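Keep the viewer open as you read.

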Amino acid sequence: MLVVFHPSPRGARAVLHRDDGVTLQMRSYDRKSRVPHDLAHAVTERELGLSTGVFGCLAAGALFASVQVLEGRLRYDAKERSRRLIAGHARDIAVAEVLSAVVHDAVEHERPTPFAAARAAWGSLREEPFPYEETDVQRATSTLRRLGDAWVHLPAGTGLRFDWPRRLTAAAVPPARPRSRRAPRRVR
C-alpha cells in the first residue's frame with residue numbers, strides 16, 4: 001500500500017492507495033506537532049513489524065471514523081469486515097497506539113531512544129515479555145527522525161511518500177459464528 005502524507009491547514013492528511021484499488025483519505029488533527037501523529041504510527045508499526053496496528057488494519061480493509069473513501073469500489077461486506085478487523089485487533093491497535101506515542105514523543109522532543117518507555121508502554125497493555133530489542137526501537141526512532149525532517153522541509157504542493165509492505169497487512173478476522181436457533185425448552 002502506498003501512503004502519501006500531505007500537509008493540511010488543520011494538521012495533516014494521509015492518502016492511502018490500497019492494493020485492492022481503493023483510495024482512502026485519513027485526516028489527522030494534530031496541528032501542534034512538528035511531525036504528524038499518523039506518520040509516527042506508520043513508521044513505528046512498519047519498523048516494529050506490527051501487522052495488526054492501525055495501518056495493517058487499514059491495508060486489510062478497516063475504515064476508522066477519520067477515514068473516507070476517495071476512489072474505488074469497496075467490497076460488498078466492507079462495513080462488516082471493517083467492524084470485525086477493528087474489534088478483532090483492538091488490543092493490537094492499542095499497543096500500536098502507545099508504542100507510536102512513545103516514539104513520536106521522543107522525536108518531537110528530541111529525546112534519546114525511548115527503549116525503557118516503549119517497554120513500559122507495552123507492559124501497560126500486555127503480559128507477555130517485550131518482544132523488541134533496543135535496536136528495533138532505535139530503528140523506528142531514527143526512521144521517524146529522518147522522515148520528520150523530510151516532512152518539515154517538504155516542498156509546497158508535494159507529499160511525503162511512504163510504502164506499507166504487503167506482508168504487514170492484517171489477517172482477516174473470521175466472522176462470528178451465528179447462534180443456533182434452538183427451540184425453547186418446555187418446562188412441565
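## Helices across the sheet

Helix H1 lies across S1, strand S3 (23-28) and S5, and runs at about 30° to S5. Helix H6 also has a place on these strands: it lies across S1, S2 and S5, at about 150° to S5. Please keep in mind that this is a predicted model.

## The sheet itself

The sheet is open and has 5 strands, in the order S4-S3-S2-S1-S5, with antiparallel pairing. Its edge strands are S4 (67-71) and S5, each of which pairs on one side only. On average, and with direction ignored, neighbouring strands of this sheet are turned by 25° against each other.

S1 and S5 run antiparallel and are joined by 4 bridges. Asp-163 in S5 is the bridge partner of Leu-2, and Arg-161 in S5 stands opposite Val-4. Which residues of S5 form its covered face, and which its uncovered one? Leu-160 and Phe-162 make up the covered face, while Arg-161 and Asp-163 make up the uncovered one.

## Helix H6

Which residues of H6 are buried? They are Asp-136, Val-137, Ala-140, Thr-141, Thr-143, Leu-144, Leu-147, Gly-148 and Trp-151. Looking down the axis of H6, these buried residues fall within an arc of 165°, so they line one face of the helix. Thr-135 and Arg-146, on the other side of H6, are exposed. The cover over the buried residues of H6 includes strands S1 (2-8), S2 (11-17) and S5 (160-163), along with helices H1 (37-47), H4 (90-108) and H5 (115-123).

In H5, the buried residues are Phe-115, Ala-118, Ala-121 and Trp-122. They cover an arc of only 125° around the axis, which puts them on the same side of H5. What do these buried residues pack against? Their partners are H4 and H6.

The loop between H4 and H5 contains Glu-110. Glu-110 is not a glycine, yet it has a positive phi of about 50°. Is Glu-110 buried or exposed? Its relative accessibility is 68%, and exposed means over 50%, so Glu-110 counts as exposed.

## Val-54 and its contacts

Val-54 is found in helix H2, which covers residues 54-60. With a relative accessible area of 10%, where buried means under 20%, Val-54 is buried. Leaving aside residues up to four places away in sequence, Val-54 touches His-41, Glu-45, Phe-64, Ile-93 and Ala-96.

How far apart are Val-54 and Gly-157 in sequence and in space? They are separated by 103 residues in sequence and by 26 Å in space, C-alpha to C-alpha.

Conventions
Residues numbered from 1 in each chain as written. Predicted model: local features only at pLDDT ≥ 70, side-chain atom pairs only at ≥ 80, totals over all residues. Heavy atoms only, no water. Buried < 20%, exposed > 50% of the residue type's maximum accessible area, 1.4 Å probe, protein only. Helix = DSSP H or I, 4+ residues; strand = E, 2+ residues; numbered from the N terminus. Arc of directions from axis to C-beta. Contact = heavy atoms within 4.5 Å. Pairing = 2+ DSSP bridges. Axes fitted to C-alpha atoms, helices over the stretch in contact; angles between N-to-C directions.
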